[in-house]
Amino acid sequence: MVVAFKVTGGEQGGWAVLRVSGELDLVTSPVLRQRVHDEVAEGRHSLVLDLSDVYFCDSSGVGVLIASRRLIRSCRGRLRLILPARGAAEGSHVNRVLGALGVRRLFDVYADLADALDDGTEPLSA
């Protein structure tokens, strides 16, 4: 079974939104890294990474998330991750990996896109 890795993007409410699907690993993480860099180069410093459809993430994927956070912060921007509500209850793979490595607390995580785009909604607790 071959599952395609995809990163699609758009803008919503002043936020650049990148929807990521598939496996985020050594082979695919450079694609996400480049897309984040492209968004920042275009002047978009408020970024939402929708990881709802990422079912596997290894250390290189985590490295890209941390590097993205560092890049966005250096531009005085904002980075938000979407891990679906069921992820917190059932333990989505990305959520488990971030938690196991002790880096989950570094990110503002939201249950869905609507919450991530709403500045009045608090992130989910780590």
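**View 1. Helix H4 across the sheet.** Helix H4 lies across strands S3 and S4 of this predicted model, and its direction is at about 100° to that of S3. Within H4 (residues 93-100), the buried residues include Val94, Asn95, Val97 and Leu98.

**View 2. The open, mixed sheet.** Five strands, in the order S1-S2-S3-S4-S5, make up an open sheet with mixed pairing. The edges are formed by S1 (6-12) and S5 (108-110); each has a single partner strand, so one side of each lacks a neighbour in the sheet. From one strand to the next, the twist averages 25°.

**View 3. Pairing of S3 with S4, and the packing of H2.** Strands S3 (residues 46-57) and S4 (residues 78-82) run parallel and are joined by five bridges. Serine 46 has arginine 78 of S4 as its bridge partner. Helix H2 packs on the sheet, where it touches S2 (15-24), S3 and S4; the direction of H2 makes about 150° with that of S4.

View 4. Serine 60 belongs to helix H2 (residues 59-74). The residue counts as buried because its relative accessibility is 17%, under the 20% cut-off. Its side chain makes a polar contact of 2.5 Å with the side chain of aspartate 58. Apart from neighbours within four places in sequence, serine 60 is in contact with Asp25, Leu26 and Ser29.

Note on methods:
Residues numbered from 1 in each chain as written. Predicted model: local features only at pLDDT ≥ 70, side-chain atom pairs only at ≥ 80, totals over all residues. Heavy atoms only, no water. Helix = DSSP H or I, 4+ residues; strand = E, 2+ residues; numbered from the N terminus. Buried < 20%, exposed > 50% of the residue type's maximum accessible area, 1.4 Å probe, protein only. Polar contact = N/O pair within 3.5 Å; in protein donor to acceptor, adjacent residues only side chain to side chain. Contact = heavy atoms within 4.5 Å. Pairing = 2+ DSSP bridges. Axes fitted to C-alpha atoms, helices over the stretch in contact; angles between N-to-C directions.
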